[in-house]
Amino acid sequence: MDAQIFALLAQDGLTSGAIYALLALAMVLVYAVTRVIFIPQGEFLVWGALTMAALEMGQYPGTVWLLFGAGGLALGADLMVMSQLNRAQRLRSVLLNLVYPLVLALLLWLLPRQALPLALKLCLTLAIVVPMGPMLYRIAFQPVAQAPVLVLLIIAVALHLAMVGLGLLIFGPEGSRTAPFSDRNFEWGLMLVSGHTLVVLAVTALLMAALYLYFGRTLGGKALRATAISRNGARLMGISPVRAGRQTFFLAALIGTLSGTLIGPLTTIYYDSGFLIGLKGFVAAIIGGLSSYPLAAIGALLVGLLESFASFWASAFKDVIVFTLIIPVLLWRSINAHHMEEDE
């Protein structure tokens, strides 16, 4: 291995690690606030990438129908407890779950989808996929928010399987790639750095900085931190755990969808690609103990670099090598961590 190959592998590893870092941060956030190990995080990545690809090909994105279905189920769940909701909550439920999908579907029907600028396609992709995060929380997790972690994990696995099946139904078995955000290349010593790689790294850094400021400087972010520390304490202080859960799933869907648009130009995305990519983000989250955002980000970069160099030395076993990393981490944590009850 010469210096040029080493630089290329390091570039690929850092780019992949940046994507895994976003997924890991989303998983840590969801688990900290709701105690849900969010297995379907990778499905938002897939739906974001394939929705972007459909718009680039001028097709009507099938995720619009998924948005209709999720909105209808969420509205139905609210109708079952309508007597417990005030007037503002009823109006918000109708607007978000029924009116919003209708307006968006009509807008997509009228717009010249293939001729739209790349930035507008990105905004439309986010507008289609991201609202499904709070809807899925309302349907699957809000009714059983106080259930044990194992029950929530089983629900997450079932939701993952359902989303993979819906992805096959909507997108089909063929894979797709999207256009890069930048076609320029830059020479840096022995290494040729693509413009899209710089975009990925820049967006990841900006999003992490934005999340840091959000959790540290805004009232909504502090409410999420309070809920993560103690759900009962946050409830006593007037913070709604239901609103915190929906807000958390909104952020997770936003991060997942944005990650999909970033990874789409780098590799072909299929309807079932989300599980493997999300699992690598989960390995990074485990390195952070499902609690530390900086450690999760560092673990994600380590996973990306390990995967990149493993693909050079033993490409057939690169995934095995990456997932084996979780064994010494879990062993070290089990030795050093004291016993904790589930409610502690």
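Predicted model: local features only at pLDDT ≥ 70, side-chain atom pairs only at ≥ 80, totals over all residues.
Residues are numbered from 1 along each chain as its sequence is written, and side-chain values use heavy atoms, leaving out hydrogens and water.

Now look at the rings. The structure holds 10 aromatic pairs; rings of Phe, Tyr and Trp (its six-membered ring) pair if their centres lie within 6.5 Å, and planes under 30 degrees apart count as stacked, over 60 as edge-to-face and the rest as tilted. One of these is the tilted pair of Tyr60 and Trp65, 5.7 Å centre to centre with 40 degrees between the planes. Trp65 counts as exposed because its relative accessibility is 52%.

Tyr137 and Phe249 also form a tilted pair, 5.0 Å centre to centre and with 45 degrees between the planes. This pair links distant parts of the chain, 112 residues apart: Tyr137 is in helix H6 (residues 132–141) and Phe249 in helix H11 (residues 241–263). Helices here are DSSP runs (H or I, at least four residues), numbered from the N terminus. Tyr137 and Phe249 also belong to one aromatic cluster with Phe38, Phe44, Trp47 and Phe141.

Methods
Buried < 20%, exposed > 50% of the residue type's maximum accessible area, 1.4 Å probe, protein only. Helix = DSSP H or I, 4+ residues; strand = E, 2+ residues; numbered from the N terminus.
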